Amino acid sequence: MPASAIKNIPTENLKTVNVMSVESIPESAFYNSKNLKSVSMSSIKEIGESAFRSCSGLTETTISEKSASIGYNEFYEYVNFIKMNIKDIRFLP
């Protein structure tokens, strides 16, 4: 799936996001998605800067195997965060 497909998704009513085998999640793709509760990602090469920034309802994130890098401010402003599972990932400074 091309990253451009994710860019055009209306995010205001999303509660769960499961992303598998996608090249990248674009910068600010889910920014300010206040109803988003959980995110699960696998086999992602890149998660763009601020892709999930200001998702104040987000309580759980799982990033699993073969995910390459996370952009700047990816987890910024998670106010209700409870659980994060990360396996086999390379962080960007």
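In this predicted model, I25 has I47 as its bridge partner, and I47 lies in strand β4. The strands β2 and β4 (residues 46-47) are joined by two bridges and run parallel. Both belong to an open sheet of three strands, ordered β2-β4-β6, in which the pairing is parallel.

Strand β1 (residues 16-20) pairs with strand β3 (residues 38-42) in the parallel sense, over five bridges. Within this pairing, N18 stands opposite S40 of β3. Strand β3 is also joined to strand β5 (residues 60-63), by four bridges, and these two strands run parallel. Here S38 stands opposite E60 of β5. In general, the strands of a sheet pair through backbone hydrogen bonds, in either a parallel or an antiparallel manner.

The pairs with a stated number of bridges are set out below.

| Strand pair | Sense | Bridges |
|---|---|---|
| β1 and β3 | parallel | five bridges |
| β3 and β5 | parallel | four bridges |
| β2 and β4 | parallel | two bridges |

These strands form part of a fold with one helix and seven strands. Read from the N terminus, the order of elements is α-β-β-β-β-β-β-β.

One aromatic pair is found in a search of the whole structure. The ring centres of F30 and F52 lie 5.0 Å apart and the ring planes are at 5 degrees, so the pair is stacked. The pair links distant parts of the chain, since F30 sits in the loop between β2 and β3 and F52 in the loop between β4 and β5, 22 residues apart. Both residues are classed by the cut-off of under 20% relative accessible area for burial. F30 counts as buried because its relative accessibility is 3%. F52, at 1% relative accessibility, likewise counts as buried.

The protein as a whole may be described by a few totals. Of its 93 residues, 37% count as buried. The protein exposes about 5400 Å², and carbon and sulfur atoms supply 48% of that area. Among contacts in the protein with a separation of 6 or more, 13% are accounted for by residues 24 or more positions apart.

How values were computed:
Residues numbered from 1 in each chain as written. Predicted model: local features only at pLDDT ≥ 70, side-chain atom pairs only at ≥ 80, totals over all residues. Heavy atoms only, no water. Buried < 20%, exposed > 50% of the residue type's maximum accessible area, 1.4 Å probe, protein only. Contact = heavy atoms within 4.5 Å. Areas by Shrake-Rupley, 256 points an atom, 1.4 Å probe, with all protein chains shown as cover. Pairing = 2+ DSSP bridges. Phe/Tyr/Trp six-rings, centres within 6.5 Å; stacked < 30°, edge-to-face > 60°.
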